[in-house]
Amino acid sequence: MLLNRDDWYETSRDLDWTLSYVDPGVAFPARWSGAEGVPADAWQAWDEPFRVSYRDYVRIQREKEAGVKAVSQALGRAGIYEKLDPAHVAASHLHMGTTCMVEHMAVTMQSRFCRFAPTPKWRNLGVFGMLDETRHTQLDMRFSHDLLKADPRFDWAQKAFHTNEWGVLAVKNFFDDAMLNADCVEAALATSLTVEHGFTNIQFVALAADAMAAGDINWSNLLSSIQTDEARHAQQGFPTLAVLVEHDPERAQKALDVAFWRSTRLFQTLTGPAMDYYTPLEQRKMSFKEFMLEWIVNHHERILEDYGLKKPWYWDQFLHSLDNGHHAMHIGTWYWRPTLFWKPNAGVSKAEREWLNEKYPTWEENWGVLWDEIIRNVNEGRLEDTLPQTLPSLCNLTQLPLGSAMSRHDLAPHQLVYQGRLYSFDSEISQWCFEQDPERYAGHQSLVDRFIGGQVLPPDLGGALGYMGLTPEVMGDDVYNYAWAKDYVPAATA
Amino acid sequence: MALFPITGRFVGDFVPHLVAVDTEDTMDEIAGKVASFSVGHRLARRPGDPGYEVLLDGEVLPATATLAAVMAGQEILPLQWFDVRFRETADA
């Protein structure tokens with residue numbers, strides 16, 4: 001008689017060697033497992049809530065793949081892509097360039113779980129995570145390859161992480177830290193719990209809803225399919241947190257606090273502009289802040305409470321940042337648009353501006369006045385004054401511009417000297433993250449450091465664009481060719 | 001004379017810039033370089049052209065002082081943050 005899954009599941013997932021020819025500390029070094037300070041038998045309590053056998057996994061994934069491919073083929077034949085709003089399309093360029101290779105980095109992280117996680121239950125679950133992430137990489141590659149004939153920017157799904165484009169460097173820096181440079185325990189807290197269980201909702205649920213509303217059924221379907229995997233393998237975070245909180249709550253608190261802020265800054269860059277500026281106004285479902293509050297903030301507060309942890313010390317600053325950080329990243333990316341591989345929408349027509357002011361009551365004073373000067377220059381034919389002439393100063397933690405975390409009224413120097421070198425930060429919070437583990441971050445050179453160090457030649461903006469791998473056919477420009485600015489031309493001269 | 005990179009923020013703008021200055025530049029010249037990336041780009045010019053002034057750690061620096069002279073008085077590392085604003089002081 002064939003056993004039911006529940007009859008063999010516990011034994012199967014907990015199958016382990018009793019090591020006799022090698023010291024367990026050598027087979028599972030603490031610097032890889034992250035198990036230091038936690039008694040070996042404590043991991044017996046590690047229990048993932050999402051149970052799956054390999055047979056079930058293969059069956060379900062096969063069905064998902066068939067579904068995604070069928071939709072993709074049908075829509076490809078119908079020529080849907082060519083009919084999409086170009087501002088929305090830019091969001092898919094941004095996503096594919098900055099996310100595809102992150103999925104591939106996650107394969108490495110999950111394979112580390114498979115090999116070095118401190119319990120066989122986790123190592124078994126890591127196998128499914130590894131296969132998931134391989135699938136996500138391939139989905140992104142296939143989607144982008146199919147659309148290469150429509151736009152060379154989709155080449156950046158594969159190319160981006162082999163360039164020095166500044167935004168890509170920022171994304172790569174974060175995931176190098178949270179996935180590749182992290183031991184299993186840290187990676188589970190930073191990536192599985194914070195990024196995958198929390199923040200990917202904003203990329204894969206909110207953006208999927210916006211994409212569907214914009215008529216981009218193919219991309220929306222892909223995002224939703226990926227999210228079903230994320231929701232499962234993200235479960236590796238909770239049991240890890242439960243064990244760590246029991247034995248080292250201080251480490252758990254610090255790891256989550258660093259990961260939460262770094263994730264916030266990343267998604268203010270990747271998703272905030274796409275939701276609040278690139279998605280056509282009539283198709284927006286929620287503002288970025290509304291989505292963050294409902295899906296991320298409440299969720300994170302609940303986790304902290306459930307596990308007996310405190311809100312991060314910077315909570316009030318974080319909430320203030322939700323009103324500002326992605327607006328800063330948006331005006332910055334639009335202004336430095338030749339440094340992008342997608343075409344950003346300014347998103348500040350009068351109707352859009354009214355929406356921004358309704359969603360963000362401080363928007364006009366913090367951001368509108370800066371756009372007013374840009375609009376004046378556009379309408380008076382001084383486009384050269386709306387283009388960059390030098391690099392923005394960059395944060396040595398997030399690699400994002402100084403000033404892009406809060407509003408212009410909050411902008412203040414956050415600098416420290418470590419081993420003779422001056423480091424700059426986009427906020428008090430990023431400086432605090434650096435101070436928790438300076439050796440971890442100190443060696444990295446931001447794009448500004450590379451520029452003044454002589455790695456960018458010729459040492460001017462043109463040299464920087466070349467260094468970043470930006471070529472004329474992909475280089476960013478205003479996606480509507482400044483048509484939105486006509487709203488502001490006085491009626492008599494319009 | 002030597003090129004020296006600073007972090008230059010024009011007060012009111014949202015982002016500081018990487019600004020290449022010369023150690024022999026006066027504060028007036030440094031102010032002009034920092035302002036050139038913000039004023040007329042994201043910040044409106046002020047009527048009457050009040051000029052600019054440079055602040056280091058919240059203190060206004062003399063308009064004719066060179067960066068080299070400031071560096072002689074205190075340690076200034078590459079990428080030191082300097083603020084520039086529309087002139088508020090009567091005699092800088």
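**Group meeting talk: chains A and B, and three spots in chain A**

Let's start where the chains meet. The contact draws 26 residues from chain A and 22 residues from chain B. On the side of chain B that touches chain A, two elements give two or more residues: strand β1 (3–10) and strand β2 (17–22) of chain B. Which classes make up that side? It has 13 nonpolar residues, six polar and three charged. One caution before I go on: this is a predicted model.

Now to chain A. Take helix α10, residues 217–233 of chain A. It has 17 residues. From its first C-alpha to its last, α10(A) reaches 25 Å. That is close to the 24 Å expected at 1.5 Å a residue.

Is α10(A) enclosed or open? Twelve of its 17 residues are buried, so α10(A) is largely enclosed by the rest of the structure. Among the buried ones are Trp219(A), Leu222(A), Leu223(A) and Ile226(A). Asp229(A), Glu230(A), Arg232(A) and His233(A) are on that list too. What do they pack against? Four helices of chain A: α4 (54–78), α5 (86–116), α6 (120–147) and α9.

That brings us to α9. Helix α9 of chain A covers residues 184–213, and Cys184(A) sits in it. Cys184(A) has 27 C-beta neighbours inside 10 Å, and the cut-off for buried is 20 or more, so Cys184(A) counts as buried. Who are its partners? Look at Ala117(A). In sequence, it is 67 residues from Cys184(A).

Last stop: a helix pair. Two packed helices are described by the angle between their axes and the distance between the axes. Here the pair is α8 (residues 166–180) and α12 (residues 249–270), both of chain A. They pack at about 155 degrees, with axes 11 Å apart. Angles over 145 degrees count as roughly antiparallel, so that is what α8(A) is to α12(A). The crossing is left-handed.

Which residues touch? From α8(A), we have Gly167(A), Ala170(A), Val171(A), Phe174(A) and Ala178(A). From α12(A), we have Ala259(A), Arg262(A), Leu266(A) and Thr269(A). By class, that contact divides into six nonpolar, two polar and one charged.

That's the tour. Thanks.

Key. Residues are numbered from 1 along each chain as its sequence is written. Chains are lettered from A and ligands numbered from 1 in the order in which they are written. This is a predicted model: local features need pLDDT of at least 70, side-chain atom pairs count only at pLDDT 80 or more; totals for chains, interfaces and linings use all residues. Axes are lines fitted to C-alpha atoms, for helices over the stretch in contact, and angles run from 0 to 180 degrees between N-to-C directions. Angles under 35 degrees count as roughly parallel, over 145 as roughly antiparallel, 65 to 115 as roughly perpendicular and the rest as oblique. A crossing is left-handed if the near helix is turned anticlockwise from the far one by less than a right angle, and right-handed if clockwise. Two residues are in contact if their C-beta atoms, placed from the backbone, lie within 7 Å. Ala, Val, Leu, Ile, Met, Phe, Trp, Tyr, Cys and Pro count as nonpolar, Asp, Glu, Lys and Arg as charged, and the others, Gly among them, as polar. The expected span of a helix is 1.5 Å times one less than its number of residues.
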